[in-house]
Amino acid sequence: MNAVENYLCDLEKKMQDTLKAIILTAKDTTDDWNVDNPRELWLDGYCAQLALLATQIVWTEETIRTFDDLESGSESAMKEFLQLIKNRISKLISRVRGQLNMEARVKVITIITIDVHSRDVIKKFVD
Amino acid sequence: MALNDRVKNMDVIRPLISQLHSEFMQPRHWKKLNGICGKIVNRDDPRFCLRDIIDLELYKYAEDVNELVEGAQKEAGIEKKLTGIVDYWGDSTVLFFKEYKDTKVLDTAGLEEIVENVDLHSMDLMTMNASKDSEEFKPQLLKWQKTLKTIDQVLTLWVKVQKQWTRLEPIFLASEDIRAQLPEDTKRFEKVDAEWKGLMGDASDDPGVVNATNTEGRDKILEEFIAEIDLCEKALNEYLEQKKKIFPRFYFVSNQALLDILSNGNNPEKVNEYISDCFDGMKNMKFIEEGNRPYRTAQGMFAKDGEYVAF
């Protein structure tokens with residue numbers, strides 16, 4: 001058997017690779033939010049930190065896209081985006097009101113918290 | 001001499017005589033009195049009588065006599081104190097030992113009182129030594145000052161060796177991994193270990209504090225132990241440092257834990273207990289439970305809050 005300090009290095013590498021693979025899948029599958037796997041259910045498939053990370057990446061991309069839309073003349077783009085975020089938050093809130101195990105509950109509540117921050121940022125842009 | 005004067009002198013002499021009665025007047029003080037008065041008087045002579053004292057014409061030396069008697073009293077005080085100290089450090093004040101594995105070690109709980117008294121008595125001896133009335137006891141005072149200093153030094157070394165030895169003993173004598181990796185230092189430690197156990201045996205056979213610590217060369221051998229054990233510890237730390245360089249998360253665990261990890265390197269289930277110390281937020285690994293234990297292949301990881309991620 002390999003020396004412990006070596007196989008622990010391998011283990012660390014394996015952890016990193018695993019998490020990287022998961023975040024890539026998580027990010028890719030966010031495309032399905034508007035198809036057959038809405039965000040509030042999509043997050044069940046991923047561990048909390050990575051689900052949160054993926055939603056943050058998506059929010060950043062969406063914010064950039066909204067600014068682009070604004071520039072190309074769509075004046076209501078930012079307002080529409082704000083409404084989208086509000087809708088997403090409502091859906092998460094309805095999940096928290098239902099039956100959830102502790103692990104999922106912590107995950108959803110954390111995402112709601114971050115979503116609320118995102119909403120406030122966008123609201124400032126609208127105002 | 002006029003009667004008047006004789007009466008006056010007698011007035012001075014009477015209290016002086018009563019002073020010379022002091023229980024603290026030793027023969028050596030009477031000899032001194034002879035010196036002061038320039039006359040010989042022998043107190044132990046059966047014919048010794050008041051006349052002899054009066055003949056000393058003490059009224060001439062009233063102050064000297066006062067001083068002599070006062071000095072005698074102080075000397076007696078010093079002597080009493082010194083005797084007390086010497087008595088304390090007799091055979092009844094011993095080092096306590098307790099069983100530890102197959103050998104004996106100092107019971108450090110019992111040391112406190114000894115160390116306290118070493119300090120206390122050293123101070124006393126110093127004060128006595130500084131007193132001008134201690135001339136008579138100088139050699140003894142110096143001898144005991146030296147003895148107490150040795151007790152203090154040797155006990156300090158002794159406790160230090162014991163601490164080091166207790167820390168490294170389970171590593172160099174019991175950890176097969178370390179014994180294989182550091183054969184030279186294992187040998188070095190084994191030699192110290194044997195001598196240390198011998199010394200503890202000798203000391204517990206003759207546990208009087210003075211004997212145990214003032215035995216010729218005991219401080220030297222203890223210092224040697226410390227030097228040798230230091231070398232062993234240095235080699236051990238270097239070895240651990242190598243491992244830490246390879247897997248830096250080992251810096252997060254104590255040396256004791258790291259030794260445990262290293263010696264259980266071929267038992268991943270055992271190593272699993274330390275995963276949470278190396279990886280913040282991790283609890284442990286989930287193993288594929290097939291074949292013989294210990295299981296060797298992990299299939300996923302648990303976070304501290306219970307969340308599971310498969311590899």
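Modeller: In this predicted model, helix 8 of chain B and helix 10 of chain B pack with their axes 10 Å apart and at an angle of about 150 degrees. Because angles over 145 degrees count as roughly antiparallel, helix 8 of chain B is roughly antiparallel to helix 10 of chain B. Helix 8 of chain B passes helix 10 of chain B in a left-handed crossing.

The residues that meet can be followed from one helix to the other. From helix 8 of chain B come Asp185(B), Arg188(B), Phe189(B), Val192(B), Trp196(B) and Leu199(B), and they meet Ile221(B), Phe225(B), Glu228(B), Ile229(B), Leu231(B), Cys232(B) and Ala235(B) in helix 10 of chain B. Sorted by class, the residues of this contact between helix 8 and helix 10 of chain B are 10 nonpolar and three charged, with no polar ones.

Helix 10 of chain B deserves a look of its own. Helix 10 of chain B runs over residues 218–246, which is 29 residues, and the span from its first C-alpha to its last is 43 Å, close to the 42 Å expected at 1.5 Å a residue. The buried residues in helix 10 of chain B are Arg218(B), Leu222(B), Phe225(B), Glu228(B), Ile229(B), Cys232(B), Leu236(B) and Lys243(B). Within chain B, these buried residues pack against helix 6 (138–174), helix 7 (176–181), helix 8 (183–205), helix 9 (209–214) and helix 11 (255–263), and they also pack against helix 1 of chain A.

That last partner leads to the contact of the two chains. The contact takes 14 residues from chain A and 16 residues from chain B. On the side of chain A that touches chain B, the largest share, nine residues, comes from helix 1 (residues 4–29) of chain A. By class, that side of chain A has nine nonpolar, two polar and three charged residues.

Back within chain B, helix 8 also packs with helix 6. The axes of helix 6 of chain B and helix 8 of chain B come within 11 Å and cross at roughly 130 degrees. This angle makes helix 6 of chain B oblique to helix 8 of chain B, and helix 6 of chain B passes helix 8 of chain B in a left-handed crossing. Here Val161(B), Trp165(B), Leu168(B), Glu169(B), Phe172(B) and Leu173(B) in helix 6 of chain B meet Thr186(B), Phe189(B), Asp193(B) and Trp196(B) in helix 8 of chain B. This contact of helix 6 with helix 8 of chain B has seven nonpolar, one polar and two charged residues. Phe189(B) and Trp196(B), which take part in the contact with helix 6 of chain B, are also among the residues of helix 8 of chain B that meet helix 10 of chain B.

Among contacts in chain B between residues at least 6 apart in sequence, 61% join residues at least 24 apart.

Technical notes:
Residues are numbered from 1 along each chain as its sequence is written. Chains are lettered from A and ligands numbered from 1 in the order in which they are written. This is a predicted model: local features need pLDDT of at least 70, side-chain atom pairs count only at pLDDT 80 or more; totals for chains, interfaces and linings use all residues. Two residues are in contact if their C-beta atoms, placed from the backbone, lie within 7 Å. Helices (H or I, at least four residues) and strands (E, at least two) are DSSP runs, numbered from the N terminus. Ala, Val, Leu, Ile, Met, Phe, Trp, Tyr, Cys and Pro count as nonpolar, Asp, Glu, Lys and Arg as charged, and the others, Gly among them, as polar. The expected span of a helix is 1.5 Å times one less than its number of residues. A residue is buried if 20 or more other C-beta atoms lie within 10 Å of its own, exposed if 12 or fewer, and partly exposed in between; C-beta atoms are placed from the backbone. Axes are lines fitted to C-alpha atoms, for helices over the stretch in contact, and angles run from 0 to 180 degrees between N-to-C directions. Angles under 35 degrees count as roughly parallel, over 145 as roughly antiparallel, 65 to 115 as roughly perpendicular and the rest as oblique. A crossing is left-handed if the near helix is turned anticlockwise from the far one by less than a right angle, and right-handed if clockwise.
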